[in-house]
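Colleague: Could you please take me through the surroundings of the ligand, step by step?

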Amino acid sequence: MSSPLAAGGCRQPTVVLIGPMGSGKSTVGAALARRLGRPHVDTDHFFVARHGAIPDFFAAHGERAFRQEEESIVAELLDAPRPSVVSLGGGSVLSEATRERLASHFVVMLDITLQQAADRIGDGSSRPMLGDQPLQTWERIAAERLPLYHECADMVVGAQHATIAARVDTIEDAINNR
Ligand code: S3P
């Protein structure tokens, strides 16, 4: 794992949250940004502001077009000069260009159990990747992407840190102790 926060220099790296759908990247990202006094941006929210609802975009243009737009939004947000907290959509790490870009930031993977995912993703209707068997599909996709999350992550916040506050505390401790 790389250690961009320990690398020195005057530019603080952006803190980037990655992980499976429903792992709390948006909620934890917003809370962490408040704690650190930084702006928070969420690539899904940015996408929606620019292109409309994600399920509608998938239906009209397909996953490939979504991934292209997602990759360019991630690049725009990660290349911004001011250090921030950025929450990525769960599939962002599929892009090799994004994975390369993540190497110069502090990347935190949020992990969750299948049970926690069941509580959070509901009927899956807001997430077109999940189809009509949301939990089974979530489990398969999360397992497929796990090596990519680990490849990119400087730290993993495990499922045992269940509350938002516990997750934020753990990440803040890691940042302060580097
Ligand atoms: C996706 C995750 C979603 C969103 C889109 C595709 C994925 O974001 O970007 O529905 O492929 O994992 P969340 O991880 O915030 O649910």
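Modeller: A polar contact is a pair of N or O atoms within 3.5 Å; within protein, one must be able to donate a hydrogen and the other to accept it, and residues adjacent in sequence count only if both atoms are side-chain atoms. This is a predicted model, in which local features need pLDDT of at least 70 and side-chain atom pairs count only at pLDDT 80 or more, while totals for chains, interfaces and linings use all residues. Residues are numbered from 1 along each chain as its sequence is written, and side-chain values use heavy atoms, with hydrogens and water left out.

In the side chain of D44, an N or O atom is 2.6 Å from an oxygen atom of the ligand. For R127, the corresponding side-chain distance to a ligand oxygen is 2.6 Å, and for K25 it is 2.8 Å. The protein covers 95% of the 380 Å² of accessible area that the ligand has on its own (Shrake-Rupley method, 1.4 Å probe).

Around the ligand there are 14 residues (each with a heavy atom within 4 Å), and K25, D44, R67, R127 and R145 come nearest. By class, this shell has five nonpolar, three polar and six charged residues, where Asp, Glu, Lys and Arg count as charged, Ala, Val, Leu, Ile, Met, Phe, Trp, Tyr, Cys and Pro as nonpolar, and the others, Gly among them, as polar. Helix α3 (residues 54–78) gives the most to the shell, with four residues; helices are DSSP runs (H or I, at least four residues), numbered from the N terminus.

D44 also has a backbone contact: at the start of helix α2 (residues 43–51), a side-chain oxygen of D42 reaches to within 2.9 Å of the backbone nitrogen of D44. Just after α2, G52 takes a positive phi of about 90°.

Notes. Helix = DSSP H or I, 4+ residues; strand = E, 2+ residues; numbered from the N terminus.
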